[in-house]
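Subject: Structure handover and notes

Dear colleague,

I am passing on the structure we spoke about, together with its sequence. Please have it open beside this message while you read.

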Amino acid sequence: MRIARIAHPDGVAFVTVEGDEGAEVAAEVAEHPFGKPTFTGRRWPLADTRLLAPILPSKVVCVGKNYADHAKEMGGQAPANPVIFLKPSTTVIGPGAAIKLPADSSRVDFEGELAVVIGMPCRDVPAARAKDVVLGYTIANDVTARDQQHADGQWTRAKGHDTFCPLGPWISTGVDADDLRLRTSVDGELKQDSRTSLLLHDIPTVIEWVSRVMTLLPGDVILTGTPAGVGPITAGQQVSVSIEGLGTLTNPVANR
């Protein structure tokens, strides 16, 4: 199932996306997408709606340096345990919305990532049961002001600017995310090409680690890390992150 959030002629709604590419239909879900969905009966051609961020999380938890090749390109060792940080909910934007470059940063980078969407309140989840708490998966871009990251020595400012967490195009449920191809391109030029099987700390391990620290709520998002190939983006460019079986998330870049 593909769960999306759309703007339609009468407002905003959660929907499931049905049909083949180019002929998709959005079927409205009553209330929220957690648990077994109930449908209102209203439907729209997806092309007549606007895709929004598929979920508005209470928090976005991120894992740093979770691919060995990215840890190497950043000049550090791969961590023995997951290194986590937070992005505020105000960083979240949807497909097609502009990544806004702050005036006080001279280098902003893309980071294509697989994102996990939590489906129920949970804490202290053992790795063996971790996938029971997952609603599904979506695509993320962990946009980073690299110069601010280096200057500050911690990552809150660099990762926390408004628009620095594009998510979408939808949440895919029932997907095995253990070995999916992940690619990022800028203006059609391939920059990242990897597989989720190369995660140093896999999804169950990450959920166990994070849930030991904080309660996860329905709709919370975990970004699992980015592979090698990250690089700068500038106003006027377009960034696309594609993950096998999940689709493509595309965002333009503009000055704030």
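This is a predicted model: local features need pLDDT of at least 70, side-chain atom pairs count only at pLDDT 80 or more; totals for chains, interfaces and linings use all residues.

The protein chain contains four helices and 20 strands, and its C-alpha trace spans about 55 × 45 × 30 Å along the principal axes. For 256 residues a compact globule would have a radius of gyration near 18 Å, and because the chain has 17 Å, it agrees with that expectation. Buried residues account for 52% of the 256 residues, while the chain exposes about 11,000 Å², of which carbon and sulfur atoms supply 50%. Of the contacts between residues at least 6 apart in sequence, 71% join residues at least 24 apart. As for charge, the mean positions of the 24 positive and 30 negative charges are 3 Å apart.

UniProt, in an unreviewed entry, lists residues 1–54 as "domain: Rv2993c-like N-terminal", and over this stretch the chain is 0% helix and 54% strand, with its end C-alpha atoms 13 Å apart. Residues 59–253 are listed by UniProt, again from an unreviewed entry, as "domain: Fumarylacetoacetase-like C-terminal"; there the chain is 14% helix and 38% strand, and the end C-alpha atoms are 24 Å apart.

Trp44 belongs to strand S4, which covers residues 39–45, and it counts as buried because its relative accessibility is 11%, under the 20% cut-off. Leaving aside neighbours within four places in sequence, Trp44 is in contact with Ile6, His8, Pro9, Val15, Val25, Ala26, Glu28 and Thr49. With Ala26, which is 18 residues away along the chain, the C-alpha to C-alpha separation is 5.2 Å.

Finally, the peptide bond from Gly168 to Pro169 is cis, with omega near 0°, and Pro169 is found in strand S14 (residues 165–172).

Notes. Residues are numbered from 1 along each chain as its sequence is written. Side-chain values use heavy atoms; hydrogens and water are left out. Helices (H or I, at least four residues) and strands (E, at least two) are DSSP runs, numbered from the N terminus. Buried means under 20% relative accessible area, exposed over 50%, partly exposed in between (1.4 Å probe, protein chains only). Contact means heavy atoms within 4.5 Å. The radius of gyration is taken over C-alpha atoms; the globule rule is 2.2 Å times the number of residues to the power 0.38. Accessible areas come from the Shrake-Rupley method with a 1.4 Å probe; for residues, only the protein chains shown count as cover. Lys and Arg count as positive and Asp and Glu as negative; His and the chain ends are not counted. The place of a charge is taken as NZ of Lys, CZ of Arg, CG of Asp or CD of Glu. UniProt positions are given in the numbering used here, feature names are shortened, and annotations may be inferred rather than shown by experiment.
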